[in-house]
Amino acid sequence: MRRVKRKAFAAALAALLGLASPGPAFAETGPPLKGAFEDAMTLFEEPMEAPDDAFTTSGGQEMTLADFRGRVVVLNFWATWCAPCVEEMPSLDRLQARLGSEGLTVVALSGDRGGMTAVEPFFERLELTHLEIFLDPKNLLSRRLGIRALPTTLVIDRQGRIVAGLQGATAWDAPEAIEFFRYYLGDAPQRSGLLKTGG
């Protein structure tokens, strides 16, 4: 059943994003897919430009995904009331700590209607010290992308293209995840003068 749901998610996301059918785990020309990532991650043969819907930082600064151009972005849609989201959030924090200096930014985008009132105590309780708080209480970006389940995560390359997606919780700092992201981190030099985020 899980495989069927995963295939349905991949096909639905591809259709919503206007992408070609999900691609295979490109053994020679694409990122390595091993362990849990082999079954869970969906690669897209024809990446698309990430949308430009705005969201905000904890300080109220408006941003779009274009502000992270030149970095690999792990765009994670989550909420404090979502149990699987709570489960995976510490691993996203560790992923940011591990690869932030190499050019990766985790944009954990909260859809909580309470905004900072809901999210700040959550970050403190889980001792999330490497992730920044990003808020989208009206769920503009998730609606644009047709996200229907939490957590859902999209991978955006340094050129600002959505290249892969995963629905459900995973161990984002597992060795196979680090290897996967280092493939994208190595595809182009990091640009200078960009917004500094994460550790």
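## Contacts around Val155

Contact here means heavy atoms within 4.5 Å. By that criterion, and leaving aside residues up to four places away in sequence, Val155 touches Met41, Val72, Val73, Arg161, Ile162, Val163, Ala164, Phe180, Phe181 and Tyr184. The model is a predicted one, in which local features need pLDDT of at least 70, side-chain atom pairs count only at pLDDT 80 or more, and totals for chains, interfaces and linings use all residues. Residues are numbered from 1 along each chain as its sequence is written, and side-chain values use heavy atoms, with hydrogens and water left out.

Val155 is part of strand S8 (residues 152–156). Its relative accessibility is 0%, so Val155 counts as buried (buried is under 20% relative accessible area, exposed over 50%, partly exposed in between, with a 1.4 Å probe and protein chains only). Met41, one of the residues it touches, is 114 residues from Val155 in sequence, and the two C-alpha atoms are 9.8 Å apart.

## The chain overall

The protein chain has 6 helices and 9 strands. These elements are DSSP runs numbered from the N terminus: helices are H or I with at least four residues, strands E with at least two. Of its 199 residues, 49% count as buried. Among contacts between residues at least 6 apart in sequence, 75% join residues at least 24 apart.

## Packing of H3 and H6

Two packed helices are described by the angle between their axes and the distance between the axes. For helix H3 (residues 83–99) and helix H6 (residues 175–185), the angle is about 45 degrees and the axes are 12 Å apart. H3 is therefore oblique to H6. Axes are lines fitted to C-alpha atoms, for helices over the stretch in contact, and angles run from 0 to 180 degrees between N-to-C directions; under 35 degrees counts as roughly parallel, over 145 as roughly antiparallel, 65 to 115 as roughly perpendicular, and the rest as oblique.

On the H3 side, Leu95, Arg98 and Leu99 take part, and they meet Ile178, Phe181, Arg182 and Leu185 of H6. By class, this contact has 5 nonpolar, no polar and 2 charged residues (Ala, Val, Leu, Ile, Met, Phe, Trp, Tyr, Cys and Pro are nonpolar, Asp, Glu, Lys and Arg charged, and the others, Gly among them, polar).

## Salt bridges

The structure holds 6 salt bridges, each a side-chain nitrogen of Lys or Arg within 4 Å of a carboxyl oxygen of Asp or Glu. One of them joins Arg69 to Glu49, with the closest N and O atoms 2.5 Å apart. Arg69 is in the loop between strand S4 (62–63) and strand S5 (72–78), and Glu49 is in strand S2 (residues 42–49), so the pair ties together parts 20 residues apart in sequence. Arg69 is partly exposed at 26% relative accessibility, and Glu49 is partly exposed at 42%.

Arg94 and Asp173 form another salt bridge, at 2.5 Å from N to O. This pair links helix H3, which holds Arg94, to the loop between strand S9 (161–167) and H6, which holds Asp173; the two residues are 79 apart. Arg94 is partly exposed at 44%, as is Asp173 at 23%. Arg182 bridges to Glu102, with the closest N and O atoms 2.6 Å apart. Arg182 lies in helix H6 and Glu102 in the loop between H3 and strand S6 (104–110), so this bridge ties together parts 80 residues apart in sequence. Arg182 is partly exposed at 37%, and Glu102 is partly exposed at 30%.
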